Amino acid sequence: MNYLSPDLQWASSRETQLTVGIIVTSLDSCPLNRHPSNNTPLPTTESSETDSGESGCNEGGKGDTQREKALKPAGREASQDMTYWHNWWNQLTDFQKQVILLMSFVDDFWSSLTEGQQMATGIIAVNAVVLCCWRIPSMQRSMVKYFTANPASKTRCLPMLLSTFSHYSIIHMAANMYVLWTFSSSIVSLLGKEQFLAVYLSAGVISTMVSYVCKTSTGRLHPSLGASGAIMTVLAAVCTKMPEAKLGIILLPMVSFTAGNALKAIVAMDAAGLIMGWRLFDHAAHLGGALFGVWYVAYGHKLMWRKREPLVKAWHSMRSQVPGGRGRPGGSGSDGGRPGPV
């Protein structure tokens, strides 16, 4: 035990009080400001320290009060909003509630799709509408005239494009649209949305033209329809760009093969069908679409699409200036001119 003189004991006690006063001040308490023995005020310098501590306490309390006042109106507004929407929801009929829930589900589903799947969904919807039109008896004559490709018909140009969206059999349409859906994400990531749509429509016209030539040269003038030619272009473009990708058959999941080998097998089968005169499919249209897809990823982008980059940039610039538009400046690198060297 240490023995100190009275003066030293008082100084030590005073130092302890100052330390405690600083600590207590930080905890929103008032510091000690009196001498422990004679209850006299402390010197002026020490008094100023404690005064500043008290002012800090008061300012901290005022700050907390202001924050509480700022939060209370926001909490009341949120509560009022929740009450309003709760009452609004309760006023709706069951049918209106079901419609709103369905719209919310569709919006969530659409947001979950990739850009390629969104493009494929639009194409599938158009094909489904055309398929329904084939079931309307009063539209049969118009459907045969405009939605079937036949070189012997008086109307030959417009069906070259419209027949790409035309299917009479549900199984035929389901098979084509399944292939399109499977390769949609890859082809759109490769070409971009605008370029994919341009290639798809061009593929439909070019494959139909090849079919016209073969039918005319062989004298087999029969109508044909379907998106097979355009689908073959998509398949051939992806397989040419990614020949080592692994593919499979939906009914035989244990069998897998490379995309390059799959393309070679399909081209060989269609060539054999064309030579031997098989009429189950339009093999000429398939070959035309496949060759166009191979040519486009190898040379077409360099020769054709890059010359349209100024137009694509202007299109994206216009989209970015529209209020609420989602276009990005410098559009050639986002959608239309996405692939660099192809």
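Which strand gives the most to the nonpolar patch? The structure is a predicted model, in which local features need pLDDT of at least 70, side-chain atom pairs count only at pLDDT 80 or more, and totals for chains, interfaces and linings use all residues. Residues are numbered from 1 along each chain as its sequence is written, and side-chain values use heavy atoms, with hydrogens and water left out.

Strand β2 (residues 252-258) gives the most to the nonpolar patch, with three residues. The patch covers about 740 Å² of surface and is made by Tyr178, Ile249, Ile250, Leu251, Leu252, Met254 and Val255. Isoleucine 250 is found in the loop between β1 (246-249) and β2. This residue has a relative accessible area of 60% and is therefore exposed (buried means under 20%, exposed over 50%, partly exposed in between, with a 1.4 Å probe and protein chains only).

Aromatic rings were also examined. Rings of Phe, Tyr and Trp (its six-membered ring) pair if their centres lie within 6.5 Å; planes under 30 degrees apart count as stacked, over 60 as edge-to-face and the rest as tilted. The count by this rule is eight aromatic pairs. The pair of tyrosine 84 and tryptophan 85 is edge-to-face, because the ring centres are 5.2 Å apart and the planes are at 75°. Both tyrosine 84 and tryptophan 85 are exposed. Tryptophan 295 and tyrosine 296 also form an edge-to-face pair, with 6.3 Å from centre to centre and 65° between the planes. Tryptophan 295 is partly exposed, with a relative accessible area of 32%, whereas tyrosine 296, at 5%, is buried.

Note on methods:
Patch = residues over 30% accessible without salt bridge, like charges linked within 9 Å, V, L, I, M, F, W, Y side chains within 5 Å. Areas by Shrake-Rupley, 256 points an atom, 1.4 Å probe, with all protein chains shown as cover. Salt bridge = Lys/Arg side-chain N within 4 Å of Asp/Glu carboxyl O. Helix = DSSP H or I, 4+ residues; strand = E, 2+ residues; numbered from the N terminus.
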